[in-house]
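The entries follow the order in which I looked things up.

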Amino acid sequence: PDFYPAHNGIGAIELDAGNAEAAARAFEAAIAASPDFSDAHYNLARAALTLGQADRALAELETANRLAPEDVDGLALLTEVYRAAGRIDDGLATAKAAVQRAPEDPGLHRDLGRLLMEKDLHAEAHLEFAATLQRRPDDVDAKLGLARALIKLDRAEEALVPLADLAARVPDQAIVWSEWGAALAKVGRIGGPEGALAKLDRALQLKPDLASAHIRKIGALADGRQCKPAREALKAFTARKPRPEVLDKAKAAAAACK
C-alpha cells in the first residue's frame, strides 16, 4: 500500500478514463506515501483542473516545480495556469524557463509569444511565433499570433499573407476574419469585397458578439468618414450591452466622426 508509483499509475488510468475524482484520490495516496514525488503533484494538478479546482491545481504545480524545476511538462502547464489566473509576469518566467530547457519544442515558443503579447512586447513575441512556425509551419495559433504581432509593429501589410492563409484553412474562425479586417484597415483598404469592412462583416456573421470585430468595424467606418453607418454600428453594438470598458473602446473608435 505504500508503493507510491502504483498509486500514481492508478491515478493516470483513472484520469485517462475520465474519472477525475478517483484519479485525484489515487494521486493523493501517492503523495501521502511519498510527499516529494513530483509526478504525483503534477498529475494531481491535472485532475484538479479537470474538476475546475484552479487554485488547488496552481498550488500542486508550484510544488511540483519546486521539487523538479527541470521538468518541462510541469513548466508548460504551470505557465498555462498562471496565464489563466492573470499572473502574466509569473507565466513569463516559467515560459522562458521552459523554452530554455527545450528550445526545439515549438509549442513552448508559441506559449511564450502569447505572454509577451500580453505585456506589449510585440517584437519579442514576433520572434517566438516565428520560431514556432519554423518548426511547425501549420500551427494556426502561432500564425495568428505572428499576424497580430506584425499589426502591432505597424507591419500590417506583412500580416495580410498569413491572415489570408488562415482564412482559407480555418474559414469558420471569426477571430481570423476580425484580425484580417484590422490589418486591411491599417493599410487603408476599407471598402469593396476584399476590404476591411467585408472581412469584419464576415467575422460578425460567424460570431455576432465578437467585440473586436464590432470595434474595428466602427473604427473603419469612422476613419473612412462614413459617419452615419459608424453611428449605426455603434448603436447596434451598444444594444448588445457590452462591458463598460469595451463600450468605451467602441466609442473611442467612433471619435473620428465627432
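Entry 1, disulfide. I note at the outset that the model is predicted. I looked up the disulfide count, and it comes to 1. The partners are Cys227 and Cys257, with sulfur atoms 2.3 Å apart. I then read the torsion about their S-S bond as about -95°, so I recorded the disulfide as left-handed.

I located Cys227 in helix α14 (residues 227–239) and Cys257 in the segment after α15 (244–253), so the pair ties together parts that are 30 residues apart in sequence. Are the two cysteines buried or exposed? Since buried means under 20% relative accessible area, Cys227 counts as buried at 15% relative accessibility. Cys257, at 16%, counts as buried by that cut-off too.

I turned to the largest nonpolar core and found 42 residues in it. Ala159, Leu163, Trp180 and Ala183 have the most contacts inside this core. Helices α6 (88–101), α7 (106–118), α8 (122–135), α9 (140–152), α10 (156–169), α11 (174–186) and α12 (196–206) each supply at least two of its residues. Helix α9 gives the most, with 7 residues.

Which residues does Leu163 touch? Setting aside residues up to four places away in sequence, I listed Leu144, Ala147, Ile151, Val176, Glu179, Trp180 and Ala183. I also noted another core of 18 residues, lying apart from the largest one, with Ile190, Leu197, Ile215 and Leu221 among its members.

Conventions. Residues numbered from 1 in each chain as written. Predicted model: local features only at pLDDT ≥ 70, side-chain atom pairs only at ≥ 80, totals over all residues. Heavy atoms only, no water. Disulfide = S-S within 2.5 Å. Helix = DSSP H or I, 4+ residues; strand = E, 2+ residues; numbered from the N terminus. Buried < 20%, exposed > 50% of the residue type's maximum accessible area, 1.4 Å probe, protein only. Core = buried A, V, L, I, M, F, W, Y, C linked by side-chain atoms within 4.5 Å. Contact = heavy atoms within 4.5 Å.
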